[in-house]
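Visitor: Please take one part of this model and go through it closely, with the cut-offs stated.

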Amino acid sequence: MNTEGKKTRILWTDDEIDLLRPHIIFLQEKGYHIETANNGNDAVDLIQSQHFDLVLLDENMPGLSGIETLNKIRLLNAAIPVVMITKNEEEHIMETAIGSKIADYLIKPVNPNQILLSIKKNLDTKKLITRETNTAYQAEFRLLGEQINNARDFSDWEIIYRKLVYWELELERAGDSGMVEVFKMQKTEAGLGFSKFIRNNYLSWFSGNCKEKPLMSTGIFREKIIPLVEQSKKVFVILIDNLRLDQWRVLYPIINEYYTLKDDGLFCSILPTSTQYARNAMFAGLMPRDIAALNPQLWLNDDEEGGKNLNEEELLQRQLTRLGKKYRLFYEKVVHAKSGKKLVDQFANLLQYDLVVIVYNFIDLLSHANTELEMIRELAVDDSAYRSLVLSWFRHSQLLDIIRLMAENDITVVFTTDHGSIRVNNPLKVIGDRKTSVNLRYKVGKNLNYNPREVFEIKDPHAAHLPKIDVSSGYIFAMNTDFLAYPNNYNHYVSYYRNTFQHGGISMEEMIVPVITMSPR
């Protein structure tokens, strides 16, 4: 009800307004302030001179019609919700009203509860959603806490992370800052638990006796994509670099206009969760140590000059050859709007291929810009703002045009990524020599000096199927929201990188990432 504080003001316009007096009294008893008009011109004059929270508008009035009145109202106040009420059930009238962005459409005769429900739906929705969402999360809070404490394998953490992403988005929509803070504490607890889990289990996944190894980067093409091509389907793989599960969730409603889910899958990105390692491992179907051994000309270590992900097409072709697959393969990396537009313009040519792989680097570029450009740092101040930037890019990208074209041509599509990223805030001191890698979430080198309790250390890289730079080199990984900082010029370094989005280390956001199979509607 609206019996406390400022009353909600509603303008009801109907040429038979006197007959609606019982309805008006009913709404007034519910705490709403009701003004009335019996023609469109009077309604427009009232809206010009007074504030209203909602308009109830008859569609069929003498003089200025309901649709004409609606158009004039829109010119005065485009944001005010208008509920159209009519006796006319003709489809073109409904379509015109809906096309004019009305808030609701009711057919006469209406009863008071119908009107009340429409008002609540349009004015009290946020308050009701906040209340119901908070109640639901409170009920889930203890169960989720128990799942975090009892998680034993990667599939348990997949379930936990799905739930955390769901509640993060729901609570964000509800807008209760107090409950969001409670959620953040639980998410932090989960992040610490996941980091401990990886630290205790990651190396065991490379043992020949391991039965609980999750699907990892190396198995994506072999287990998720090649079986689809074998079904004589044209398959497009859209790999969006650095795409997190929460970001996928905000993109999905748009994609869902053209595609339906077939497999809403997750997989584990290998360590380090960086393009050089995780994406090369995906395209090669091999761990980095094996890429370096079998294809030394296609692998560059961290301390070597040159691009670290320039051979993806060749690595993928070699994987297909190794598996005995003779597909017509097309590969393209989109790094700017011009190359995206070129793909759209030449889309018809892509239909001749069995397997099309398109890599989009925008989110990874955004992540780096968040570190280097002050304007982007101000725009992406937290996870919610980061999601918003990703969504804005997607709405206006050529990728959306390609998705429409894929759907029109009945193409199966797999959306995936190589790794995610996490917003870091806690610096850890580490010392290394000039050849030590520069990534903030992992370091590889010799003579590294650090606190072993604060990081996940791999003294023997071959145990994690990682290449050795030299005989004494090892890897260390930052966990959860930590980042690795050098002690020289420490305060400036920490201030510059704190609250930026980084990848390469251990977190749910970086390691539990989507691989989604979809079919056109």
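**A residue in a helix and the core around it**

Guide: Leu169 has its place in helix 7, residues 154-174 (helices are DSSP runs of H or I with at least four residues, numbered from the N terminus). This is a predicted model, in which local features need pLDDT of at least 70 and side-chain atom pairs count only at pLDDT 80 or more, while totals for chains, interfaces and linings use all residues. Residues are numbered from 1 along each chain as its sequence is written, and side-chain values use heavy atoms, with hydrogens and water left out.

Leu169 is buried, at a relative accessible area of 9%; buried means under 20%, exposed over 50% and partly exposed in between, with a 1.4 Å probe and protein chains only. Not counting residues up to four places away in sequence, Leu169 touches Asp246, Arg249, Val250 and Arg387, where contact means heavy atoms within 4.5 Å.

The largest nonpolar core has 114 residues (a set of buried Ala, Val, Leu, Ile, Met, Phe, Trp, Tyr and Cys residues joined through side-chain atoms within 4.5 Å). Helix 7 gives the most to this core, nine residues. Trp157 and Phe194 are among those with the most contacts inside the core. Leaving aside neighbours within four places in sequence, Phe194 is in contact with Phe154, Trp157, Ile506, Ser507, Met508, Met511 and Ile512. A second, separate core of 18 residues includes Ile17, Phe26, Ile115 and Leu116.

Note on methods: Helices (H or I, at least four residues) and strands (E, at least two) are DSSP runs, numbered from the N terminus.
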